[in-house]
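This briefing is written for a reader who is new to protein structure. Please consult the sequence and the three-dimensional view while working through the points.

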Amino acid sequence: MIVANRKPFEEIVAMVKPYRKILLLGCNECVTVCATGGSKEVAVLASELRLYREKEGQPIEIAEQTLERNCDPEYVESLRPIIGNYEAVMSMACGCGIQFVGEHYREKLVLPAVNTTFDGVTEEHGVWAERCLGCGNCILDKTLGVCPVTRCAKSLFNGPCGGSTAGKCEVNKDTPCGWQLIVDRLKEMNLMEKYMEIQPLKDWSTSHGGGPRKRVREDLKL
Amino acid sequence: MTYPTNVKIVKVPCTGRVDIIHVMKAFESGADGVYLAGCLEGECHFLRGNLRAKKRVGHLKDLLEECGIGGERVAMYNLSAAQGQRFAEIAREMTEKIRALGPSPVKKYGAGRRAQSAEIGEQRAQCAE
């Protein structure tokens, strides 16, 4: 899922400073899983902001609402009857959701309460790590399920760099070397001969490097 | 043994039941301090509930510090259900600590906040329709 983390409190406070009545939006999907912007986190941030603003002598009214998803129009449309009641919207959803709500309600500012970071998995409760950066051309069959684009800091395609030490990346001693993981996996599956297959230069045009992407299914359009 | 009358007790089956928002709401309602009294570490009836509570209190200290209430206003204590005297001692200790800190900085807006909660409840009902 998309992993995000809440912005520093001072940044959030500065963003809502001009407003006395806002809607704080959460999302029930990715940001709930990474404990950043679900209904619990919305409640806590709303509470923190109310306390802070009360203390400053400038009370703020905050309505809390968590949508199933912020990236599908049906859910975002459900806000239409009430959105006029608020001066601004602050969203704890991922960057997609923040933008999408803004696109639907052009007269309202939608402020980001979180920094959206990466696409990842839950390694253990409370720990989320990056796995995929959406390069658009998956070669996980060749690397037996370990992505060299994401898990190698340099996105190398044909083996580790000289900085790999004891299976760890030179960028951070806690980060496993992506290529060490790949080789371990090849050995585990007895497929080391795949390691000798040279991968050609990657065509990055399928990644964001080629510009903002879109996918259309004509057969699904109403 | 007696303990100060300003301590309001909220009973829970385990301190692990206490979530971040419960403590935040207590401060929103005008509490000057909140403490959790859980089983001794290693003796939690539900195995690890008091350890979860301890971590949550740690997180709460950061949250309360950043929103200006002060992390010292929340605390975690561990004691056995049989330790009546320690219970009273903790109540006195926390009371003294909070008295020294003074009233919560948001105290004066108590009435306004209660009215706000009612309005927000109305807005939620509107959204649900």
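Leaving aside its neighbours within four places in sequence, with which residues is Leu45(A) in contact? The residues are Leu24(A), Met92(A) and Ala113(A). The model discussed here is predicted. The points below treat the cores and domains of chain A, then a sheet in that chain, and finally the fold of chain B.

**Nonpolar cores**

- The largest nonpolar core contains 61 residues.
- Leu45(A) is among the residues with the most contacts inside this core, and so are Ile22(A), Leu24(A), Leu25(A), Val31(A), Val89(A) and Met92(A).
- Helix H3 of chain A, residues 39-55, gives the most to this core, contributing 8 residues.
- Another core, of 9 residues, lies apart from it, and includes Val146(A), Cys147(A), Trp179(A) and Ile182(A).

**Helix H5 of chain A**

- Helix H5 of chain A spans residues 95-104, and its buried residues are Gly97(A), Ile98(A), Phe100(A) and Val101(A).
- The elements of chain A that cover these buried residues include strand E2 (21-27), helix H4 (73-77), strand E4 (88-91) and strand E5 (110-112).

- Chain A is divided into domain 1, residues 2-118, and domain 2, residues 133-203.
- The C-alpha centres of these two domains of chain A are 38 Å apart.
- Leu156(A) is found in the loop that lies between helix H6 (148-151) and strand E8 (168-169) of chain A.
- Is Leu156(A) buried or partly exposed? Leu156(A) counts as partly exposed because it has 15 C-beta neighbours inside 10 Å, whereas a buried residue needs 20 or more.
- Apart from neighbours within four places in sequence, Leu156(A) is in contact with Pro148(A), Cys161(A) and Trp179(A).
- Leu156(A) and Ile22(A) are separated by 134 residues in sequence, and their C-alpha atoms are 46 Å apart in space.

**A three-stranded sheet in chain A**

- Strands of a sheet pair through backbone hydrogen bonds, in either a parallel or an antiparallel manner.
- In chain A, 3 strands form an open sheet with antiparallel pairing, in the order E1-E6-E7.
- Strand E1 (2-6) and strand E7 (127-132) of chain A each have a single partner strand, so one side of each edge strand has no neighbour in the sheet.
- From one strand to the next, the twist averages 70 degrees.
- Strand E6 of chain A, residues 114-124, is joined to E7(A) by 5 bridges, and the two run antiparallel.
- Val121(A) has Ala129(A), in E7(A), as its bridge partner.

**The fold of chain B**

- Chain B has 4 helices and 2 strands, and its elements follow the order α-β-α-β-α-α from the N terminus.
- Chain B has 129 residues, of which 24% count as buried.
- Among contacts in chain B with a separation of 6 or more, 69% are between residues 24 or more positions apart.
- Why is strand E1 of chain B, residues 34-38, described as largely enclosed by the rest of the structure? The reason is that 5 of its 5 residues are buried.
- Val34(B), Leu36(B) and Gly38(B) point one way from E1(B), while Tyr35(B) and Ala37(B) point the other way.
- Together with helix H2 of chain B, residues 49-66, E1(B) and E2(B) make a right-handed β-α-β unit.

How values were computed. Residues numbered from 1 in each chain as written. Chains lettered and ligands numbered in written order. Predicted model: local features only at pLDDT ≥ 70, side-chain atom pairs only at ≥ 80, totals over all residues. Buried ≥ 20, exposed ≤ 12 C-beta atoms within 10 Å, placed from the backbone. Contact = placed C-beta atoms within 7 Å. Domains from an automatic or database assignment. Core = buried A, V, L, I, M, F, W, Y, C linked by C-beta atoms within 7 Å. Right-handed = clockwise from strand over helix to strand, strands pointing away. Pairing = 2+ DSSP bridges. Axes fitted to C-alpha atoms, helices over the stretch in contact; angles between N-to-C directions.
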